[in-house]
Amino acid sequence: MFPSKALWDVVSQPFKRSQNGLFHGKMKQYGNNVPFSKHKTRRSWLPNVQQKRIYSEILGENVRMKLTTRALKTIKTKGGLDKYLNTTPADTLGHMGMKLRLKVRAKRLEDKGRPEPRFELLTPAEEEARKPLVVRLPPKLNPALEKARMARELAGQSLGKDGPATARETIKYLIQVSEKRRAAMMAA
């Protein structure tokens, strides 16, 4: 729900102005002016941007920002700035929204007595070095994936491998088994 700082620093949107406020996904739009003579001329429409101060209950202060009327209406619908920041998708919030989200989240954790989480971008080598420290539980597989895993293990056993067979080896094994069954049915 909370993408890391590194992720939203890398991701950019085409309408840069929207990164400096809460635009709720509104961008510059393009179209044509079409008069009676049907001579079309290009034009653009900018979003309805307002400068407002909105109170944040968790931060305990008014936050001054630029936001669109669409964002303002959504904030009122969600029941406040804090709820809007926590429930809106990251790509709709933009840079300023994500900064505010992290600020609100850090303040909430601070009030609960928990330390603020650190966001950092790791190189592949650093990530590999930290890998043994991370304990990952196996995901619960759906029945189809469980059957596929079992087929790979059976193929690995029949081929004399220590672990499961590769996908290609498993397919070859299943083809051989089905041909043997077909031959046995034909002989009977």
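Residues are numbered from 1 along each chain as its sequence is written. Because the model is predicted, local features need pLDDT of at least 70 and side-chain atom pairs count only at pLDDT 80 or more, whereas totals for chains, interfaces and linings use all residues; side-chain values use heavy atoms, without hydrogens and water.

I begin with the fold. The protein has seven helices and five strands, taken as DSSP runs (H or I, at least four residues, for helices; E, at least two, for strands) and numbered from the N terminus. Along the sequence the pattern reads α-β-β-β-β-β-α-α-α-α-α-α. Of the 188 residues, 24% are buried, that is, under 20% relative accessible area with a 1.4 Å probe, protein chains only.

I turn to the core. The largest nonpolar core has 17 residues; such a core is a set of buried Ala, Val, Leu, Ile, Met, Phe, Trp, Tyr and Cys residues joined through side-chain atoms within 4.5 Å. Leu 22, Met 65, Leu 67, Ile 75, Leu 81, Tyr 84 and Leu 85 touch the most other members. At least two core residues come from each of β5 (61-68), α2 (69-78), α3 (81-87) and α4 (90-111), and α4 gives the largest share, five residues.

Finally, helix α6 (residues 143-158) packs against helix α7 (residues 167-187) at about 80°, with axes 9 Å apart; axes are lines fitted to C-alpha atoms over the stretch in contact, and angles run from 0 to 180 degrees between N-to-C directions. The two helices are therefore roughly perpendicular, a label for 65 to 115 degrees.

Notes: Parallel < 35°, antiparallel > 145°, perpendicular 65-115°, else oblique. Buried < 20%, exposed > 50% of the residue type's maximum accessible area, 1.4 Å probe, protein only.
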